[in-house]
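Dear colleague,

I am passing on the structure below, and after it I set out what I found. Please read the notes with the structure open beside you.

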Amino acid sequence: MNGLIKNTNPARSSLRKHSKIKAGNSLLISALLASVLGLAGMQSFAFDLKGVLKEAAEKELGKSPETPATDAGQTQPTTTGASSSENTAAKTSEPEFNWKNPSKEEEIALGREIAGNLLGAAPLVKDTALQKYVNSVGRWVASQSERPDLPWRFGVIESEDLNAFAAPGGYIMLTKGLYRKLSNEAQLAGVLGHEIGHVVKKHQLKVLQKQQLLNIGAGFLSDKYAKDNKLASKAIGTGAEISARSLDKSAEYEADRLGLSYATRAGYEPYGLTEVLQTIGQTNKNDGSVALLFKTHPHPDERLVALGDAIGNKLDNVKNGKTLENRFYQLKN
Amino acid sequence: MKSKFKAMFMTACLLPVFYGSAALAAETGTALKNDTIRKEPYADAKSAGSFTRGESLEILSKQGAWLQVKTKKSTGWVRLLSVKRGASSAGSQSAGVLAAASGRAGTGQVVSTTGVRGLSEQELKAAKFNESEIKTMESYTLSADDGRNFADAGKLKPIAFANLKAAKGDTK
């Protein structure tokens, strides 16, 4: 049980060094998958997370043979006396991560863990000029959002997949493969805007919060702690299917609307994001480079329709937006 | 016979004109939704017909946020986002196929097809935290002032524009 309890505090960097942190890492990575959003979907994430949770729980529960491992991922309380005491010890040694209402600092620390793990899978492209350019565009777009105060940072990562990711607190990454498909700065602004939208609306953070509160409800934390969380009972009420598909889809559509809005406010040609969606939509479905993206997001066609409906005539008077293809940074390889 | 030859001649002359006038000439597209085709690229222009979702069409030109399209029955202007560039993929049906192919076997394909370091589910799960990379990424962090200077250099002017909201009746 001890290992799992530690997992509920993944934002603490010291935890990384903990010998039992492996399960925590995979949980975070799984969260990444989901949230990471970029252009991706959160629905699969929920399922992945459930699987990881179950795996981790089974691993832990293997030490207590009286509990059937298959119950681990469900909402049945499985607390034991031993785990409660360990939990108490863990809680007193370090301050509790406030899952109910994380501070900005906690959000950033959590995002750092997630982003660091993603960079473990795909490091930054070693091109300082590229990274600086993307940070310039991203920072300007983020300044048009509702959270200009976050320490926004952006990175292009070594992968030929087409995808982009956001982690809580303002960590945003896009793949070199996706960057390669872009032809001007307005398109880049739209893509980054989508990810910024996820961070602003705390889409990933909320999924993680739900999952953690579910853990609490499932008895991975002490009863006392669980009773303090009204949200926990709500999470249990919906069973393990914490994130309904429709809810996850709506987060993507919302990020699309926000991304386009931010880029437009920043002075860019508003249709940059939709051009990228057109490009992605034309990519062969069997191309492995879009497998994860298509799995985790609504189809680009649906996103275009939803954006078109939301736009209506609202862009009819928006003119003189810039595309700035002239200063768009060209990849070296 | 004579008129037929004349028609062919005309067509031969017109073709290059078509190709030269717009980069979009002869590009095919697919209607993403049911929409009205307008005689002019304006929302209040008179109707020139309509198309239905999934219908194939030809994209003739682009003007602002409007595309000039040609369907079997009519020619006119529609909003940019009513059309998907490229041939029909039968809309949601393709999404279904995708979903079916996106299991673990599907993501495994990422590795085999690209041959590059991947972001498959498995690889993401196996990833280890990289402290030096995250520090490098954080070293690029810019201030709001940096962003403004960059915008000024590109003559980007911020404008007032309210966040888009979901269209009424839109399914979540």
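In H16(A) the buried residues are Pro300(A), Asp301(A), Glu302(A), Arg303(A), Leu304(A), Val305(A), Ala306(A), Leu307(A), Gly308(A), Ala310(A) and Ile311(A). Please keep in mind that this is a predicted model, and that it scores ipTM 0.71 and pTM 0.71.

With eleven of its twelve residues buried, H16(A) is mostly covered. The length of H16(A) can be checked as well: at 1.5 Å a residue its twelve residues should span 16 Å, and this agrees with the end C-alpha atoms, which are 16 Å apart. After H16(A) comes Gly312(A), which has a positive phi, near 50 degrees.

Why does Gly308(A) count as buried? The reason is that Gly308(A) has 20 C-beta neighbours inside 10 Å, and 20 or more is what the term requires. If neighbours within four places in sequence are left aside, Gly308(A) is in contact with Arg79(B), Leu81(B) and Ser82(B). Between Gly308(A) and Leu182(A), by comparison, there are 126 residues in sequence and 21 Å in space, taken from C-alpha to C-alpha.

Chain A as a whole contains 16 helices and three strands, and of its 333 residues 61% are buried. Among the contacts in chain A with a separation of 6 or more, 70% are between residues 24 or more positions apart.

The contact between the chains takes 81 residues from chain A and 64 residues from chain B. On the side of chain B that touches chain A, at least two residues come from each of several elements, including strand E7 (83-85), helix H2 (92-100) and helix H5 (131-139) of chain B. That side of chain B has 28 nonpolar, 18 polar and 18 charged residues.

Some care is needed with chain B, which averages a pLDDT of 75, with 63% of the residues scoring at least 70. Where in chain B is confidence lowest, and where is it highest? It is lowest in helix H3 (residues 104-114) of chain B, with a mean of 31, and highest in helix H6 (residues 144-153) of chain B, at 98. Residues 15-25 of chain B have a pLDDT below 50, and this stretch has twelve contacts in the model beyond near neighbours in sequence. Residues 89-117 of chain B also have a pLDDT below 50, and that stretch has 41 contacts beyond near neighbours in sequence.

With best wishes

Technical notes. Residues numbered from 1 in each chain as written. Chains lettered and ligands numbered in written order. Predicted model: local features only at pLDDT ≥ 70, side-chain atom pairs only at ≥ 80, totals over all residues. pLDDT = per-residue confidence, 0-100. Helix = DSSP H or I, 4+ residues; strand = E, 2+ residues; numbered from the N terminus. Contact = placed C-beta atoms within 7 Å. Nonpolar A, V, L, I, M, F, W, Y, C, P; charged D, E, K, R; others polar. Expected span 1.5 Å × (residues − 1).
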